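Work through the exercises below with the structure in view, and try each task before reading its solution.

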Amino acid sequence: MDNVIKTTQKPLQLWLEKIFRTINSHIKVIRLEVFMTYLLFFILSLLLVSIYNKSDLHLTLNKYHTGFFDWFFKYSTHLGDGAMFGVLVVIFFFINKRMSLVFGIGGILTLLVTHFFKKIMFKGIPRPAEFLGVENLHIIDGVKMAFWNSFPSGHTMTAFVIFTILCIYFRRCVSQYLWITLAMIAGLSRVYLSQHFLLDIFVGSILGIVIAFISMSLFFPERKRVH
C-alpha cells in the first residue's frame, strides 16, 4: 500500500516541481525596476488597507479629483474590460498561436475566479456607491455606477492578468514599464470612479498576477533569462 502511495506521489511531485521551475523562470524575465514598481504599489496598498478602515480611506481618496483625471480614468478603466482578452486572442492568433491560447486560458481562469469570489464567497458585498451613498461621493457624468459584489475588483484582475502576461512575453524589454503602468492605471481607475475600494483592487492585482503566471506556464516551458 505504501509503495502505491509513493508511486502516485512521485509523478505529482515531479509535475509540481516542473511547474514551480517554469514559474520561477518566468519571474526572472521581469525587469528589476518593474518588479520594484509593483512591490512599491503592494507595500503602500497593504499599509493603507491595514491602517485605515475602507470607508474612511475611500472618502479621503475621493476628495482628490480634477477635470483631467475625471476624463482620464473614465476611459482608461476600459483597460480592464473582459473584452480585452478577446481582442488579444485574435491579435496573437496571427502572431503566436500559443500566446493566443495563453490569453484564452487567462480569460477563462479570470472569469472563473471572479465568479467564485464575487458570486459565491463574497456575494452581496456593497461597493462604495452603496456603502457610502452616491450623494457623499464625487461621481463622474456618464459612468454607470455598480452597487454590489465589490470584492475583489474584476477589472483590476483582468488588467493584471493581461499586462503581466505581456511582461513575460516581452521578456526583459523596456515595454514592461508600459505594461505595469497600464495595469496600475486600470486598477486605480476603479477607486477613482468609486467602483471599488482600495482593498478590492489590491487583492485583484495579486490574483491577476497569479493567474497570469499560471496561464503562461501551461503553454511555455522554462525560459532562459535574457541579459
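**Exercise 1. Describe the largest pocket by its volume, its lining and the classes of its residues.**

Solution. Step one is the volume: the largest pocket holds about 490 Å³ of space. Here a pocket is an open set of points, on a 1 Å grid over the protein atoms alone, where a 1.4 Å probe fits and protein lies on both sides within 12 Å along at least five of seven lines, and lining residues have an atom within 4 Å of a point. A volume is the space filled by probe spheres set on the points, which are joined across faces, edges and corners.

Step two is the lining, which comprises 22 residues, with I30, F35, Y38, I209 and F213 closest to the centre of the largest pocket. The model is predicted, so that local features need pLDDT of at least 70 and side-chain atom pairs count only at pLDDT 80 or more, while totals for chains, interfaces and linings use all residues. Residues are numbered from 1 along each chain as its sequence is written, and side-chain values use heavy atoms, with hydrogens and water left out.

At least two residues each come from α1 (2–27), α2 (32–51), α8 (154–169), α9 (175–192) and α10 (198–219), and α2 gives the largest share, six residues.

Step four sorts this lining into 18 nonpolar, one polar and three charged residues, where Ala, Val, Leu, Ile, Met, Phe, Trp, Tyr, Cys and Pro count as nonpolar, Asp, Glu, Lys and Arg as charged, and the others, Gly among them, as polar.

**Exercise 2. Which class does the ring pair of F131 and F197 belong to, and where do the two residues lie?**

Solution. Begin with the rule that rings of Phe, Tyr and Trp (its six-membered ring) pair if their centres lie within 6.5 Å, and that planes under 30 degrees apart count as stacked, over 60 as edge-to-face and the rest as tilted. The structure holds 23 aromatic pairs. In the pair of F131 and F197 the centres are 5.9 Å apart and the planes stand at 90°, so the pair is edge-to-face.

Next, locate the partners: F131 belongs to helix α7 (residues 128–133), whereas F197 is in the loop between α9 and α10, 66 residues apart.

Finally, compare accessibility (buried is under 20% relative accessible area, exposed over 50%, partly exposed in between, with a 1.4 Å probe and protein chains only). F131 is partly exposed at 42%, whereas F197 is buried at 1%.

Notes. Helices (H or I, at least four residues) and strands (E, at least two) are DSSP runs, numbered from the N terminus.
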